[in-house]
Amino acid sequence: MRYLSFCLALLMMGCTSAPKLSPEGEAVAKWFGSKARAEPLSRGVSQVWRDDKVVGWVFLSDHVDPVVEGKRGEIRLFVGLSRYGRVVGVKPLSWDEDAKFFQKIGPKFYAQFEERGVNDGTRGLDSVTGATKSSSAMIRDVMESAATVLAMPQVAEVLRGDQGQ
């Protein structure tokens, strides 16, 4: 009876047996699989592991140089990179942009980054009409900060190891 009361109390408080993932945790699971786990590598950058193997990296764009600003200020993005130097996903976390402009930037904009090689640069990535400054800043932010992450010694070591295989 005591156990039943405890479970009922948890349900009434909105608790469930499975913890709710943060937006970042949900993105890691979506991009790298449900068994993936991110471990901090440096400020704002984490290495992603699955089955005891590095599968990629995730980072907060506002913690990696260069920090790029949109029309009204900084746009905070969560970005995933595969161990092969490709973008696996981009998720906006916070921004100071005007809502009417930022709403024009939809899933199609973020999807254009997926599987794009960081070394491919920004050519062929399209900004959004009506939100040109914000979307152009995000393109630059993703690609330039991703290049910074790939140049980190710990990351470059993994990438070099892949070239030898």
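Look at the loop between strand 3 and strand 4, and you'll find P66 sitting there. This is a predicted model, and in it the peptide bond leading from D65 into P66 is cis, with omega near -5°.

Strand 3 covers residues 53-60, and it pairs with strand 4 in the antiparallel sense, over five bridges. To find your place in this pairing, look for V58, which stands opposite G80 of strand 4.

Strand 4 itself takes in residues 75-82, and it's mostly covered: seven of its eight residues are buried. It also has a partner in strand 5, residues 87-95. These two run antiparallel as well, joined by seven bridges. Here a handy landmark is L77, placed opposite P92 in strand 5. Strand 4 and strand 5 form a hairpin with four residues between the strands, and in that hairpin G85 has a positive phi near 80°.

What about positive phi in residues that aren't glycine? Most residues other than glycine have a negative phi, so a couple of spots deserve a look. One is D51, where phi is near 55°. Is D51 buried or exposed? It counts as exposed, because its relative accessibility is 62% and the cut-off for exposed is over 50%.

The other spot is E115, with a positive phi near 65°. To get there, go to the loop that lies between helix 4 (107-111) and helix 5 (132-151).

Terms used
Residues numbered from 1 in each chain as written. Predicted model: local features only at pLDDT ≥ 70, side-chain atom pairs only at ≥ 80, totals over all residues. Heavy atoms only, no water. Buried < 20%, exposed > 50% of the residue type's maximum accessible area, 1.4 Å probe, protein only. Pairing = 2+ DSSP bridges.
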